[in-house]
Amino acid sequence: MAEEKKRKEMTPEQVQELDDLFAKARQALAVIETYDQARVDRLCQAVAWAVANTTTFHRLVEMGIQESGLGDYNSRMNKRMKIRGVLRDALRQPSVGVVEEIPEKGLVKYGKPAGIIGCIVPTTNPDLTPAGNAIYAIKARDVVIFSPHPRSKDTTYETVRLMREALEAEGAPADILQCITQPSLLVSQELMKRSDLIIATGGQALVRQAYSSGKPAYGVGAGNATEFLDETADVKATAMNCMLSKTSDYGSGCSADGNVLVPRAKYQEMLDALAEVGGFRADADQRAALDKVMWDQEGHRLADTVAISPQKLARAAGFEIPDESTFIFVEGTGIGPEHNFCKEKLTTLMAVHPYDGSFEDGVDLALQLFDVGGKGHSCGISSNDDAHIDYFGRIMPVSRIMVNQPNSRANAGAFNNGMPMTSSMGCGTWGGNIISENVSLKHYMNTTWVSRRIETDRPSDAELFGEFYDPALEPEGEASPTDAAFTVE
């Protein structure tokens, strides 16, 4: 990394590889854009099965964990179901030819490829991210060049190799999907400059580079999910959801619960419930020790304790916890940027905060939490009060709110909710992103709108302007609904 910082240019070998990849990508694009719907659907199925079958995904998961040193085997294995979900969503939508018709408006929409996609792959999902992006891209008749994270490049390369084999077996160009073999920050930057569209999943510095590349980009915002309870919440069920969310892949996901806000009257009950589902309750001294190994003196997150087991995390802080503990929780000491435990954790630890007063007072505290970090990403609410859920939905500055669900298992799509399946989640302008929804098929496509005449649909000025309309200010009378300036000849 230090050597790369000194080097201002890519090596000749890296430049040549990019030149070759883009030349092959353009050739493959000229082929796949001629395919019909049945052909691309079959290719989606082929590449998905090539990596999502249990035997193969098991090998990729083990390879990724060994290579990067990050992640939990069982959680990673469950991600093969996400590939099935992405495939389900892709197969159920048209992408070739007519994709939507609105007869009453005289509109027909046609799906077209976006072109060459540059996909930046995070080290935490070296297999899932390439698979999910490949399915949506092929469905849209795009081609993809993947830029793996250097820490997990072999796993990503192998994932792409398997999908290329599946394409070849179906008589399609393998170069529909390609992977950089000499990844670096400089190479990723150049890939983004050359691509037609960028899908960037990674840290905020990377996402900012994607947006400054001069090319259209879908990036993701920083996470720091909060689970909020009101007085109607089922505490035991919520504790279980928090555990499921926090422990998934050792809390490496941006959607993993970082903070839990609980009414004072239910606070002790929640602490006990978290312990019952496998949480280790750190005392004040242990909390202080954890603070030191998770953040530096300026409050920046330290990489060594990201996405590790709770036992390793405790050991790093100088104490031991039982083998059966699945996560650590601490009691919050306050909310604000000076309190590190309000920030994103990205590991097997969460902070629990009580709130006093009314439900609305608690929501105000939640807003303060999101001012510390994670605005735009995700939040959960545990409630059986529809009015509270509605209020929460209207107030919270996040792109997705899960109701009585484990955040990290639900907000990127699940088989028992309606969220679009994805591995990339936009966070709106709150999080510095262009979209506030899950990145899915429509984001991989261009759309051509074809318009035909319809009956004139122009309300009178009195209808449009309501009580503000004053006919005295229209001395020549209201313009005709068929005025030539506003109708098709």
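**View 1. Cysteines C242 and C379 in the predicted model.**
A disulfide is a covalent bond between the sulfur atoms of two cysteines. The number of disulfides counted in this model is 0. For C242, the closest cysteine sulfur belongs to C379 and lies 11 Å away, which is too far for a bond. The cut-off for such a pair is 2.5 Å. Seen from the other residue, C379 likewise takes part in no disulfide, and its nearest cysteine sulfur is that of C242. C242 has a relative accessible area of 0% and is therefore buried. C379 also counts as buried, because its relative accessibility is 0%. The threshold for this term is a relative accessible area under 20%.

**View 2. Packing of helix α6 against helix α7.**
Helix α6 spans residues 80-91, and helix α7 spans residues 128-139. Their axes are 10 Å apart and form an angle of about 10 degrees. Because angles under 35 degrees count as roughly parallel, α6 is described as roughly parallel to α7. On the α6 side, the contact involves K82, I83, V86, L87, D89, A90 and L91. The partners in α7 are L128, A131, G132, I135, Y136 and K139. By class, the residues of this contact comprise 9 nonpolar, 1 polar and 3 charged.

**View 3. Packing of helix α4 against helix α8.**
Helix α4 covers residues 54-68, and helix α8 covers residues 153-169. The two helices pack with their axes 8 Å apart, at an angle of about 160 degrees. Because angles over 145 degrees count as roughly antiparallel, this term applies to α4 and α8. Helix α4 contributes T56, R59, L60, M63, G64 and E67 to the contact. Helix α8 contributes K153, D154, T155, E158, T159 and L162. The contact of α4 with α8 contains 3 nonpolar, 4 polar and 5 charged residues.

**View 4. Strand β9 and its pairing with strand β8.**
Strand β9 consists of residues 257-263. Of its 7 residues, 7 are buried, so the strand is largely enclosed by the rest of the structure. Strand β8, formed by residues 225-229, pairs with β9 in the parallel sense. This pairing extends over 4 bridges. In one of the residue pairs, A225 has D257 of β9 as its bridge partner.

How values were computed. Residues numbered from 1 in each chain as written. Predicted model: local features only at pLDDT ≥ 70, side-chain atom pairs only at ≥ 80, totals over all residues. Heavy atoms only, no water. Buried < 20%, exposed > 50% of the residue type's maximum accessible area, 1.4 Å probe, protein only. Axes fitted to C-alpha atoms, helices over the stretch in contact; angles between N-to-C directions. Parallel < 35°, antiparallel > 145°, perpendicular 65-115°, else oblique. Contact = heavy atoms within 4.5 Å. Nonpolar A, V, L, I, M, F, W, Y, C, P; charged D, E, K, R; others polar. Pairing = 2+ DSSP bridges.
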